[in-house]
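Here are my notes on this model. Please read them with the structure open.

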Amino acid sequence: MRSVRIFCDGMITEPRLAHPEGVAIDRDGNVWCGGETGQIYRIAPDGCRRELVASTGGFCLGLAFGPSGDLFVCDLAHAAVYRLDPRSGSVMPFASGVPGHTLRIPNYPAFDAAGRLYVSDSWAMRQPGPGILRFDPDGDGELWHAGPFDFANGLALSADGSWIYVAETFGQRVSAIEIRPDGSAGGRRVLAELPGDYPDGLAVAADGSVFVGCYQPSRILRIDPSGTVTVVAEDVSAHILAHPTNIAFAKESLIAANHGRWHLTEIDVGVRGVPLPPT
């Protein structure tokens with residue numbers, strides 16, 4: 001815990017952070033997170049200033065920046081993905097499903113280098129189902145992988161873009177799905193079994209390691225390229241790390257959203273993340 005500290009405390013300061021679940025970092029180093037009634041916050045790189053930019057009016061889950069600089073937000077209450085223009089603060093619905101599949105629990109968005117958007121649908125608690133949706137830059141979408149996944153949650157792409165990692169929360173594992181050269185879904189394998197953990201968010205480091213935010217117990221894991229799992233940080237009191245969900249790289253630190261409290265946490269990990277997709 002020596003490498004763990006509160007990055008931005010929104011418990012009693014205004015605007016207050018309403019149990020953030022998703023977190024993303026823009027090209028200027030600003031940290032963005034969502035709230036339990038649809039709030040979308042922007043926090044300065046030093047964590048000292050925060051502002052409420054917009055709201056979906058729902059319940060924000062995962063966030064990700066696209067190549068255009070727009071922020072994509074998964075919303076639980078509306079069962080939809082929203083698109084926010086950070087420059088104007090305008091937020092608009094982007095998608096509620098694809099042909100043949102209506103989103104139930106859109107949980108996390110992730111972009112590949114070609115600007116294609118992947119969205120996990122958690123489906124239902126302890127009821128494995130489909131799946132992962134993918135949207136082309138023009139907005140056309142499909143059910144890219146039907147699973148079944150045991151509560152598909154956080155997503156992250158490998159550094160070379162040839163795999164997408166999926167946190168299966170109630171499956172207590174992280175899975176990996178090959179992205180074939182033509183963009184279709186290839187083979188699926190288990191990256192790591194996590195029998196004592198409930199993984200939520202994922203972030204990939206430049207060295208190929210996969211970091212995992214675990215909702216329970218309150219800890220951050222690292223899966224190295226050999227598949228070895230180590231504990232990076234753990235808070236048995238669930239106070240500084242309080243049921244962390246999604247995580248994102250800020251230089252050589254991870255920023256973690258704490259769904260159990262009202263702050264974001266910073267964890268020094270000594271490696272950098274994979275850069276954002278090019279504009």
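1. The lining of the second largest pocket comprises nine nonpolar, six polar and two charged residues. (Ala, Val, Leu, Ile, Met, Phe, Trp, Tyr, Cys and Pro count as nonpolar; Asp, Glu, Lys and Arg as charged; the others, Gly among them, as polar.) The pocket's volume is about 340 Å³. Of its 17 lining residues, Glu21, Met125, Phe151, Asn153 and Asp200 are the closest to the centre. Strand E20 (198-204) and strand E21 (210-216) are the elements that give two or more residues to this lining. (A pocket is an open set of points on a 1 Å grid where a 1.4 Å probe fits, with protein on both sides within 12 Å along at least five of seven lines; lining residues have an atom within 4 Å of a point.)

2. The model is predicted: local features need pLDDT of at least 70, side-chain atom pairs 80 or more, while totals for chains, interfaces and linings use all residues. Numbering starts from 1 along each chain as its sequence is written, and side-chain values use heavy atoms, without hydrogens and water.

3. Four strands form an open sheet in the order E6-E7-E8-E9, paired antiparallel. (Pairing takes at least two DSSP bridges.) Strand E6 (60-65) and strand E9 (90-95) are the edges, each pairing on one side only. Strand E8 (residues 80-85) is joined to E9 by five bridges. Val81 faces Ala95 across that pair.

4. Is Arg219 buried or exposed? Arg219 counts as buried because its relative accessibility is 16%, and the cut-off is under 20% (1.4 Å probe, protein chains only). Arg219 belongs to strand E22 (residues 219-223). Its side chain makes a polar contact with that of Glu234 at 3.0 Å.

Key. Grid points are joined across faces, edges and corners, and a volume is the space filled by probe spheres set on the points. Buried means under 20% relative accessible area, exposed over 50%, partly exposed in between (1.4 Å probe, protein chains only). A polar contact is a pair of N or O atoms within 3.5 Å; within protein, one must be able to donate a hydrogen and the other to accept it, and residues adjacent in sequence count only if both atoms are side-chain atoms.
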